[in-house]
Amino acid sequence: MQAFVMNGIGETGFAEKDRPEPGPNDAILKPTKALICTSDVHTVHGAIGERENLTLGHEAVGVVDEVGSEVEEFAEGDRVVVGAITPDWKSEAAQDGHPSQSGGALGGWKFANEKDGVFAEYAHVNDADANLAHIPEGVEDEEAVYVCDMLSTGFAAAENAEIPMGGTVAVFAQGPVGLMATRGAALQGAGQIIAVESVPERQELAREYGADEIVDFSEADPVEEILELTADEGEPAGVDAAIEALGREETLADCVAVTRPGGTISNVGYYGEGETVGIPREAWGVGMAEKDIVTDLCPGGRVRLRRLLRLIDAGRVDPTPMTTHEFDFENIDEAFELMASKEDGVIKPLVTF
Ligand SMILES: [Zn+2]
């Protein structure tokens, strides 16, 4: 079979590989649609170190091609989505409520990390009964593929932010994860959503997904702007929750600065540089202002995937406006280049197999 692989840092290309075989609890997926992720680009640029002949990709839907002898819920021919994160559900971390960390920090992240990913004619899925979900009839593959990572991560950012009904939230960066955090905040009942973004197309989408105010950091200091927007008589300025969907030390610092005492900073950003990530001491209330910083890695699992699919099926979120470009699998290298350059207003490139 054909697979799109990483061959050392900065090197990608097609490779001929053997079709994977399922163990008793596993399934083999034949992908139909996939999305390129910024984390795929990070991987190629060395985020997880040197890799040889590693199949890339972790966001895909498709058809079950084969199941292991112990798989009960799925059969050949089923139309399914697989989570970007595929935990070992028997692990201690999963039993302790942190499946994404099964097998160590970020251990639930297996595709294109611990094992071959989904940018291939066939992909191996561990713990199939727990890591796959059937796609409802009313949901198209090109919609369902967004639940793998973008909806799961973006909505987790909003869920972890514990936004009170009618509360205020600032979402820093409106890439696909930030956009879904904005939509998630709206679905959670936020009363005021402030999106921080400078790219006009992303600002417009943010408004469609529920942002009430846009703060353009290229034109003004976002902290000053947000404090001004949230200033209220007798109340301290600042938001109940700030979401970091970028992964920059400065942005995290801004999140801490705009969050009111007692509020939550919800992080889904990936910090790819530096030995430490600094937190501004005074803005953090010298460590005692009860400004909690919560982190997460994309939640996986069948229950999670089914709930996210239900939101699409019910029309509560339409992820397809984020698909800015489409490619056939044969031209996936072009999709990668586009995602790396961030040119041409790209948000998500969709790949058809
Ligand atoms: Zn992803």
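Begin by selecting Ala75, which counts as exposed because 11 C-beta neighbours lie inside 10 Å of this residue. The model on display is a predicted one. Ala75 belongs to the loop that joins β5 (60–67) to β6 (79–82). Ala27 and Ala75 stand 48 residues apart in sequence, yet their C-alpha atoms are 8.8 Å apart in space.

**The two domains**

Now step back and colour the chain by domain. Domain 1 covers 2–149 + 298–352, and domain 2 covers 154–295. Taken over C-alpha atoms, the centres of domain 1 and domain 2 are separated by 28 Å. Where they touch, domain 1 supplies 14 residues to the contact and domain 2 supplies twelve residues. Select helix α1 (residues 38–44) to see where the largest share of the domain 1 side comes from, namely three residues. By class, the side of domain 1 that touches domain 2 consists of eight nonpolar, four polar and two charged residues.

**Two loop residues with positive phi**

The next stop concerns the backbone. Most residues other than glycine have a negative phi. Select Ala112, in the loop between α2 (92–95) and β7 (123–125). Although Ala112 is not a glycine, its phi is positive, at about 55°. Is Ala112 buried or exposed? Ala112 counts as buried, because 26 C-beta neighbours lie inside 10 Å.

Move on to Ala173, located in the loop between β9 (168–172) and α6. Here too phi is positive in a residue other than glycine, with a value near 85°. Ala173 has 25 C-beta neighbours inside 10 Å and therefore counts as buried.

**Helices α6 and α7**

The crossing in which α6 passes α7 is right-handed. To inspect the contact, show the side chains of Leu179, Thr182, Arg183 and Ala186 in α6, which meet Leu205, Ala206 and Tyr209 in α7. Sorted by class, this contact of α6 with α7 has five nonpolar residues, one polar residue and one charged residue.

**Helices α8 and α9**

For the last stop, select helix α8 (residues 222–230) together with helix α9 (residues 249–258). The axes of α8 and α9 are 10 Å apart, and the two helices pack at an angle of about 25°. How are α8 and α9 oriented to each other? They are roughly parallel, because angles under 35 degrees count as such. The handedness of the crossing of α8 and α9 is right-handed. On the α8 side, the contact is made by Pro222, Val223, Ile226 and Leu227, and on the α9 side by Asp254, Ala257 and Val258. The residues in this contact of α8 with α9 comprise six nonpolar, no polar and one charged.

Terms used:
Residues are numbered from 1 along each chain as its sequence is written. This is a predicted model: local features need pLDDT of at least 70, side-chain atom pairs count only at pLDDT 80 or more; totals for chains, interfaces and linings use all residues. A crossing is left-handed if the near helix is turned anticlockwise from the far one by less than a right angle, and right-handed if clockwise. Helices (H or I, at least four residues) and strands (E, at least two) are DSSP runs, numbered from the N terminus. Two residues are in contact if their C-beta atoms, placed from the backbone, lie within 7 Å. Ala, Val, Leu, Ile, Met, Phe, Trp, Tyr, Cys and Pro count as nonpolar, Asp, Glu, Lys and Arg as charged, and the others, Gly among them, as polar. A residue is buried if 20 or more other C-beta atoms lie within 10 Å of its own, exposed if 12 or fewer, and partly exposed in between; C-beta atoms are placed from the backbone. Domain bounds come from an automatic or database domain assignment. Axes are lines fitted to C-alpha atoms, for helices over the stretch in contact, and angles run from 0 to 180 degrees between N-to-C directions. Angles under 35 degrees count as roughly parallel, over 145 as roughly antiparallel, 65 to 115 as roughly perpendicular and the rest as oblique.
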